Amino acid sequence: METLVLDATGRAPLEEVARLRERGPVTRVALPGGVEAWAVTDLALLRPMLVDPKISKDARQHWAALLDGDITPQWPLYTWVTGRSMFNAYGTEHRAMRKVAARSFTARRTRAMEPRVTAATTAALEALADAGKGGAEVDLREVFAATIPVEVICDLLGVPDDQRADMRRCADTLINTGASREAQGAAQLELRSMLAALVHAKRAEPGEDLISTVAAELPDDEAVSTANLMLVAGHETTVNLLASAIRLLLTHPDVLAAVRSGEVTWSAVVDETLRVAPPVIYIPLRFAVEDLELGGVPIAKGDPIIAVFGAPGRDAAVHAEPAAFDPARADRTHLAFGAGAHHCVGEPLARLEAETALRALFERFPDLRLVDPDGDHGQVPGFVANGPVRLPAVLG
């Protein structure tokens with residue numbers, strides 16, 4: 001079967017995932033730069049794969065092409081697979097890094113963030129009210145969904161207010177796999193420079209924030225990479241979760257009415273959004289530590305593997321009417337937060353942000369409506385993330 005070339009610009013990610021699924025549970029794909037990998041879409045394979053020690057995320061140890069020198073810094077996704085953080089670590093190294101970062105995402109720390117989440121939501125609502133005065137059109141993604149997560153994660157990290165806009169700009173470029181290598185490199189350099197300065201400053205004067213924690217316990221490169229990971233992963237995904245949930249609710253008035261009446265919980269809305277409109281489609285990359293088999297397909301030692309996290313939620317073999325938005329359904333299974341050793345440590349905080357923000361938005365603006373509910377709301381660029389790029393609306 002011919003190799004399917006993934007669209008680096010991410011113009012129609014869910015349609016692409018459907019094509020992958022039609023080709024079988026494990027199929028050959030081409031990533032940006034012509035690098036080939038095995039794409040895994042089947043839930044029954046993904047779950048065990050994500051906890052299998054024979055599959056690693058450490059390219060420096062286990063990617064044959066990188067070790068042989070065939071993959072160079074000019075490859076468009078180079079920074080995705082070579083950073084020294086828990087995102088790409090394996091085994092004992094990963095456990096050590098994750099242990100440090102996870103301290104900021106305990107149940108107690110998440111509860112302690114509730115006032116800040118509420119404050120960020122309130123500020124976003126006020127900005128939205130100002131922008132929408134007199135019936136003016138507002139962009140719900142830019143003015144509301146995109147502001148709350150970055151404020152919350154920057155508070156957790158300990159990022160000064162005057163650096164937050166620049167960090168968000170860099171993060172937006174880095175998550176865009178369709179951006180040029182030059183743009184990606186410049187954004188990475190600028191963001192790491194800002195974070196390195198913060199790491200050094202927090203070592204001198206530590207606070208109660210995450211950068212202070214990693215600065216005290218990890219070497220420079222690992223501390224900066226961990227802060228980088230938390231900044232990008234800690235807000236980009238939640239922005240898309242919020243934007244997608246808002247669009248789904250405003251285009252499904254029956255569901256919104258059920259939520260408002262208490263028949264459906266906000267928690268169910270969040271999970272159903274994660275299922276039907278996953279904020280992350282692919283996360284590059286994983287590697288075979290030894291020769292193995294996935295779904296009857298032989299995978300050679302050192303071969304790259306890409307987990308298609310956006311696939312299980314839309315799989316008709318798992319869900320009845322998989323494309324239908326129905327928070328009342330009994331089974332809302334998804335893999336939006338991953339699984340196993342690399343399960344997202346920020347899941348409790350992301351859920352708190354989403355439920356708080358959605359409840360507050362629809363309570364504050366009961367007559368909120370999209371300008372063109374059936375129109376094209378665009379698609380965030382890149383093949384990693386998924387969500388509408390704009391949400392023109394009036395507050396009513």
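Q: Helices (H or I, at least four residues) and strands (E, at least two) are DSSP runs, numbered from the N terminus. With that in mind, in which helix is Val232 found?
A: Val232 is found in α14, a helix that spans residues 220-250. Please keep in mind that this is a predicted model, where local features need pLDDT of at least 70, side-chain atom pairs count only at pLDDT 80 or more, and totals for chains, interfaces and linings use all residues. Residues are numbered from 1 along each chain as its sequence is written, and side-chain values use heavy atoms, with hydrogens and water left out.

Q: Why is Val232 called buried?
A: Buried means under 20% relative accessible area, exposed means over 50%, and partly exposed is in between (1.4 Å probe, protein chains only). Val232 has a relative accessible area of 11%, so it is buried.

Q: What does Val232 touch, not counting residues up to four places away in sequence?
A: Contact means heavy atoms within 4.5 Å. Val232 touches Ala171, Leu174, Ile175 and Leu191.

Q: What makes Pro25 partly exposed?
A: Its relative accessibility is 35%, so Pro25 counts as partly exposed. Pro25 lies in the loop between α1 (13-22) and β2 (26-30). Leaving out residues up to four places away in sequence, it touches Ala39, Val40, Thr41, Asp42 and Leu45.

Q: Why does Thr41 count as buried?
A: Thr41 has a relative accessibility of 2%, so it counts as buried. Thr41 sits in the loop between β3 (36-40) and α2 (43-49). Among the residues that Thr41 touches, beyond four places in sequence, are Leu20, Pro25, Val308 and Pro312.

Q: How do you know whether Phe365 is buried or exposed?
A: Relative accessibility settles it: Phe365 has 8%, so it counts as buried. Phe365 belongs to the loop between α17 and β10 (369-370). Neighbours within four places in sequence aside, Phe365 is in contact with Leu125, Leu128, Ala129, Arg260 and Leu395.

Q: How do you know whether Glu321 is buried or exposed?
A: At 63% relative accessibility, Glu321 counts as exposed. Glu321 is placed in the loop between β9 (304-308) and α17 (347-364). There is a backbone detail here too: Glu321 is not a glycine, yet its phi is positive, about 45°.

Q: Which bond is called cis, with omega near -15°?
A: That is the peptide bond from Pro284 to Leu285. Leu285 lies in strand β6, residues 282-288.

Q: What makes α16 mostly covered?
A: Helix α16 (residues 266-276) has 11 residues, and 10 of them are buried. Trp266, Val269, Asp271 and Arg275 are among these buried residues. Their cover includes α1, α14, α15 (253-261) and α17.

Q: What makes a set of residues a nonpolar core?
A: A nonpolar core is a set of buried Ala, Val, Leu, Ile, Met, Phe, Trp, Tyr and Cys residues joined through side-chain atoms within 4.5 Å. The largest one here has 119 residues, and Trp63, Trp75 and Leu140 touch the most other members. Helix α14 gives the most to this core, with 15 residues. A second, separate core has 19 residues, including Ala288, Leu292, Ala307 and Ala339. As background, nonpolar side chains tend to be buried together in soluble globular proteins.

Q: What does Trp75 touch, not counting residues up to four places away in sequence?
A: The residues that Trp75 touches include Leu31, Trp63, Val81, Arg181 and Leu285.

Q: How many helices and strands does the protein chain come to, and why is it called as compact as a globular protein of that length?
A: The protein chain has 17 helices and 11 strands. Its radius of gyration is 21 Å, close to the 21 Å that the globule rule gives for 396 residues, so it is as compact as a globular protein of that length. The radius is taken over C-alpha atoms, and the rule is 2.2 Å times the number of residues to the power 0.38. Along the principal axes, the C-alpha atoms fill a box of roughly 60 × 55 × 40 Å.

Q: How many of the 396 residues of the protein chain count as buried?
A: The share that counts as buried is 57%. Among contacts with a separation of 6 or more, 71% come from residues 24 or more positions apart.
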